[in-house]
Amino acid sequence: MTETTTRQADQIAPAFVAAADEVVARYPVSIRSASLPLLHLWQNEFGFVDDSGIEWISARLGLVPINILELVTFYPWFRREAAGRTIIRVCRTLSCAMAGSHEVKEKFCEAVGLDPHAGHHGFGCAPPTSPDGKFSVEFVECLASCGSAPVALVNDDLIENIRPDAVAALVEKLK
Ligand code: FES
């Protein structure tokens with residue numbers, strides 16, 4: 001067990017257990033259906049899903065760890081490593097790409113101190129994170145707002161019609 005794993009496992013508070021119980025109670029017929037909601041709960045609480053999260057959730061649902069690990073590695077939303085406090089997800093699918101989302105992402109990277117041409121991370125890895133740990137920037141697929149392209153999700157807020165020359169001021173506000 002890694003140091004990080006131990007840290008997360010030690011931080012499971014009674015309130016978190018109660019919230020997890022509430023989630024599980026919503027799936028009386030198929031308890032396994034609580035897997036994704038519990039993963040969201042865990043990642044929202046701890047920032048990422050480490051080994052202890054996989055073990056805790058699988059034990060809570062009477063599954064084996066691989067049942068949870070395969071979800072974490074399949075869905076890009078979940079991370080096995082810490083990311084920045086503010087995560088900027090720029091859409092790169094067709095409408096946004098044609099409206100300039102690649103330039104928008106480059107501007108976000110430059111504004112937070114990241115190399116805009118750094119290699120892409122793999123599933124489960126943290127997205128590239130600024131040296132101060134405040135921002136992560138990554139590409140994602142369609143955010144279902146194609147009519148207002150280019151768009152980005154900044155934590156839970158959708159930002160629409162982003163002009164590349166407006167990105168620096170946007171990041172300043174986020175700081
Ligand atoms: S293509 Fe970007 S929101 Fe759909």
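**Exercise 1. What percentage of the 175 residues in the protein do buried residues make up?**

Solution. The structure is a predicted model, and a residue is taken as buried if 20 or more other C-beta atoms lie within 10 Å of its own. By that criterion, buried residues account for 27% of the 175 residues in the protein.

**Exercise 2. Describe the overall layout, from secondary structure to domains.**

Solution. Begin with the elements: the protein has eight helices and four strands, and along the sequence they follow the pattern α-α-α-α-α-β-α-α-β-β-β-α. Next, take the domain assignment, which gives domain 1 (3–74) and domain 2 (86–174); the C-alpha centres of domain 1 and domain 2 lie 28 Å apart. Finally, consider the extent of the protein, whose C-alpha atoms fill a box of roughly 50 × 35 × 25 Å along the principal axes.

**Exercise 3. Which residues of the largest nonpolar core touch the most other members, and which elements each supply at least two of its residues?**

Solution. The largest nonpolar core has 19 residues, of which Phe108, Val112, Val137, Val151 and Ala152 touch the most other members. At least two residues of this core come from each of strand 1 (86–91), helix 7 (101–112), strand 2 (135–140) and helix 8 (167–174), and helix 7 provides the largest share, five residues.

As a further step, follow Ala152: leaving aside residues up to four places away in sequence, Ala152 touches Ile88, Arg89, Val90, Cys91, Val104, Ile159 and Ile162. There is also a second, separate core of eleven residues, which includes Leu38, Trp56, Ile57 and Phe78.

How values were computed: Residues numbered from 1 in each chain as written. Predicted model: local features only at pLDDT ≥ 70, side-chain atom pairs only at ≥ 80, totals over all residues. Core = buried A, V, L, I, M, F, W, Y, C linked by C-beta atoms within 7 Å. Buried ≥ 20, exposed ≤ 12 C-beta atoms within 10 Å, placed from the backbone. Contact = placed C-beta atoms within 7 Å. Domains from an automatic or database assignment.
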